[in-house]
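The following paragraphs lead the reader through the structure shown below. They begin with the surroundings of the ligand and then turn to the backbone.

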Amino acid sequence: MAGSESTPDLQEIHDFLVDLAFKAGKTINSALPTVSSTDSKKNSSDLVTEYDRAVELQVSTALKEKYPEYDFHGEETYDPAHPLTDAPTFIVDPIDGTTNFVHGFPSVCISLGFAIKRTPAVGVVFNPFTQTLYSAIRGKGAYLNKTTKLPLKGANIEPLQGLSNSLIAVEWGSDRSGQNFETKVRTFEQLGKSREEGGAMVHSMRSLGSAALNLCSVAAGTLDLYWEGGCWAWDVCAGWVILSEAGGIMVDGNPGEWTAKLDSRRYLAVRGSPNGEGQKELVEEFWSHVQGRMDY
Ligand code: IPD
């Protein structure tokens, strides 16, 4: 086991997290959530089930036993008095896509990340409904089901060709009033609207209902871009390494902010492209369509 002064063994951590994700996946698959037995947190669209809490306990117990020297930052036990620090930290969403989970919509995952100095270093995202595993270690590439390197088209991935040729992901999130909601809704309209009327007219918009799975789809290259405000470090930490290792980039969701922070709660992810061609241009084009600013 690594001491607190030693460099974390990222491969060992990755392998442990993959194993843990499979075990937690069994718990998720054996659950029977119902809408009527589901609790809400901030409002009626911000859901949590007994299974979110049980899976987080399962994961945190295993991590604290194996790696007592590293911090733990999990969605269901988050305490605003203890924000993310620079220390090596496991950043965990036990069930990302809780709304899907409650409704039985099969876009659900466990998201297990490990960050050092608030930079994602290991990411494991596992959808137990579809048995799909995405994983990455910083500097070692990103993989689907351990063996297929991402992006899926490899060196044959097409160069990005602007927003009007893009399939993108956005999310409604759980804030349904105020400046952040307004910014999102007006931006969605702008993204969909015809170019003759000043819009971006993207090919279309998707909402997988899980930030981690949106990021993994951008990493895979099946989505060109993902924009969201309101999600948290545990939603994006694991997916962020997978994205970066697949050649994608992450910037802030607010226009002009090229450096995204793990806990900024605003994110814009763009997929890989040969030699990064068109990535910055796509970011700037997207930002030019954002209607207002998010103040998370
Ligand atoms: C949510 C999902 C959703 C995103 C929300 C997140 P949860 O996480 O990732 O896609 O729009 O911002 O909070 O609550 O299902 O763990």
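**The ligand and its surroundings**

Strand E4 (residues 89–96) contributes the most to the shell around the ligand, namely three residues; strands (E, at least two residues) and helices (H or I, at least four) are DSSP runs numbered from the N terminus. The model is a predicted one, in which local features need pLDDT of at least 70 and side-chain atom pairs count only at pLDDT 80 or more, while totals for chains, interfaces and linings use all residues. Residues are numbered from 1 along each chain as its sequence is written, and side-chain values use heavy atoms, with hydrogens and water left out.

In total, 14 residues surround the ligand, each with a heavy atom within 4 Å of it. The closest are Asp-93, Asp-96, Gly-97, Thr-98 and Glu-228. By class, the shell divides into three nonpolar, five polar and six charged residues; Asp, Glu, Lys and Arg count as charged, Ala, Val, Leu, Ile, Met, Phe, Trp, Tyr, Cys and Pro as nonpolar, and the others, Gly among them, as polar. Domain 1 (10–151) and domain 2 (155–289) each supply at least three residues to this shell, the domain bounds being taken from an automatic or database assignment.

A polar side-chain atom of Glu-75 lies 3.0 Å from a ligand oxygen. For Asp-235, a polar side-chain atom lies 3.2 Å from an oxygen atom of the ligand, and for Ile-95 a backbone N or O atom lies 3.2 Å from a ligand oxygen. The protein covers 87% of the 380 Å² of accessible area that the ligand has on its own, as calculated by the Shrake-Rupley method with a 1.4 Å probe.

**Two points in the backbone**

Most residues other than glycine have a negative phi, and most peptide bonds are trans. The peptide bond from Leu-150 to Pro-151, however, is cis, with omega near 0 degrees. Pro-151 is found in the loop between strand E9 (148–149) and strand E10 (167–170). Lys-117, which is not a glycine, has a positive phi of about 55 degrees. Lys-117 belongs to the loop between strand E5 (109–116) and strand E6 (119–127).

Definitions and conventions
A polar contact is a pair of N or O atoms within 3.5 Å; within protein, one must be able to donate a hydrogen and the other to accept it, and residues adjacent in sequence count only if both atoms are side-chain atoms.
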